[in-house]
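Biologist: I would like to learn how to read a structure feature by feature, and I would be glad if you took me through one.

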Amino acid sequence: MPRVKQPKRPAAKLPDRPGRWQVLLRRQRRLLAPAAIGLAALAVIGLGASVLHAIGQGASFRERMGDATARLGLRVAQVIIDGRSKTPEPLLRAAIGVAPGDAILGWSVQAARGRIESINWVQSAVVERRLPDTIYVKLTERRPFAVWQHEGKFRLIDNQGQVVTDSDVADFAGQLPLVVGAGAPAAAAKLLEALAAQPTIQARVTAAVRVGERRWNLRLANGTDVLLPEGAEAQALARLAELQAQHALLDRPLQAIDMRLPDRFVFRPMPSHDSEPKDAAQPTRKPT
């Protein structure tokens, strides 16, 4: 029988021997690992020493941590502010209380937010510390809702009755309704909402005067005063709009329309000459 040739098996491949540079690199890694651990340990020791030194100086914990971590590079690089329109920027930055270069961990987010929200123009604020180097502030500003006149002074108020500012009021005088007297800010939103539902009346009103902190008088552009009942302003205004549509009541020369009685109105004609002194609560001049 002929002999069958067996196929040759490939020779086993010997593992490559590491080159000279690979051997050197491995040796360097073995040497560098303990050194890296040592450097980390020294950093921790240094941080601890800084904190202990600050403790000896009587600093607060936040100040101690801020100073110690600032030495490791944790400092503010930028302060980002969103939503600012009317809030005075110098006042806002003073309230934030941190600037580029300051320690980012030595600064209180809660305290900064409290200071920012104490500014009249600010309704609410979001304050964030974004490590490693950014402070972010998002403002929601109050929206002026009306001009409030009281004791000869003019102020802007929002729809919650909060005073926004007493400066630059004249810029809003032609755009916002005027409310007058003690207690007017807290009650203004309800009245102005009722007026907005009766645009034919609203267009004639130049001021709403709070009387005794209980009810409202409306001063119209033609000089007529409308005395509204306490707590029933919406109903009275709806009835007044009907009378205007049917009888052009507000176009007549009337000094006052008294709507305080539930079963009837009282009309006072305009006198031939104005001999009565002006009510101290009435608006006497434009805001400046």
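Predicted model: local features only at pLDDT ≥ 70, side-chain atom pairs only at ≥ 80, totals over all residues.

Biologist: How do I read the faces of a helix, and which residues of helix α3 are buried?

Modeller: The general idea is that an α-helix has 3.6 residues a turn, so residues three or four places apart point the same way. In helix α3, which covers residues 89-96, the buried residues are Leu92, Ala95 and Ile96. Viewed down the axis of α3, these buried residues fall within an arc of 105°, so they line one face of the helix. Pro90 and Ala94, on the other side of α3, are exposed.

Biologist: Against which elements do the buried residues of α3 pack, and what is found just after α3?

Modeller: The buried residues of α3 pack against β1 (78-82), α4 (109-117) and β3 (134-141). Just after the helix comes Gly97, which takes a positive phi of about 75°.

Biologist: Since β1 and β3 have come up, how should I read the order of the three strands in their sheet?

Modeller: The strands form an open sheet in the order β1-β3-β2, and their pairing is mixed. β1 and β2 (122-130) stand at the edges with a single partner strand each, so one side of each is left without a neighbour in the sheet. On average, and with direction ignored, neighbouring strands of this sheet are turned by 15° against each other. β1 and β3 run parallel and are joined by five bridges, and within β3 the bridge partner of Val79 is Ile135.

Biologist: Where do α3 and α4 sit on this sheet?

Modeller: α3 packs on the sheet and touches β1 and β3, with its direction making about 125° with that of β1. α4 also packs on the sheet, where it touches β2 and β3, and the direction of α4 makes about 155° with that of β2.

Biologist: What is the strand order in the sheet of nine strands?

Modeller: The order of this open sheet is β6-β5-β4-β7-β8-β9-β10-β11-β12, again with mixed pairing. Its edges are β6 (163-165) and β12 (266-269), each of which has a single partner strand, so one side of each is left without a neighbour in the sheet. Neighbouring strands here are turned by 30° against each other on average, direction ignored. Helix α5 (residues 184-196) packs on this sheet and touches β4 (146-150), β5 (153-157), β7 (178-180), β8 (205-211) and β9, and its direction makes about 60° with that of β9.

Biologist: What joins β9 to β10?

Modeller: Strand β9 (residues 215-220) and strand β10 (residues 225-227) run antiparallel and are joined by three bridges. Leu218 stands opposite Val226 in β10, while Arg219 stands opposite Asp225. The hairpin of β9 and β10 has four residues between the strands, and in it Gly223 takes a positive phi near 95°.

Biologist: Finally, how do I read a pair of aromatic rings, and how many such pairs does a search of the whole structure find?

Modeller: A pair of aromatic rings is described by the distance of the centres and the angle of the planes. The search of the whole structure finds one aromatic pair. The ring centres of Phe265 and Phe267 are 6.5 Å apart and the planes are at 85°, so the pair is edge-to-face. Phe265 is partly exposed, with a relative accessible area of 24%, and Phe267 is partly exposed as well, with a relative accessible area of 40%.

Biologist: And what sits over the ring of Tyr136?

Modeller: The charged end of Arg130 sits over that ring, 4.1 Å from the centre of the ring of Tyr136.

Key: Residues numbered from 1 in each chain as written. Heavy atoms only, no water. Buried < 20%, exposed > 50% of the residue type's maximum accessible area, 1.4 Å probe, protein only. Helix = DSSP H or I, 4+ residues; strand = E, 2+ residues; numbered from the N terminus. Arc of directions from axis to C-beta. Contact = heavy atoms within 4.5 Å. Pairing = 2+ DSSP bridges. Axes fitted to C-alpha atoms, helices over the stretch in contact; angles between N-to-C directions. Phe/Tyr/Trp six-rings, centres within 6.5 Å; stacked < 30°, edge-to-face > 60°. Lys NZ or Arg CZ within 6 Å of the ring centre and 35° of its normal.
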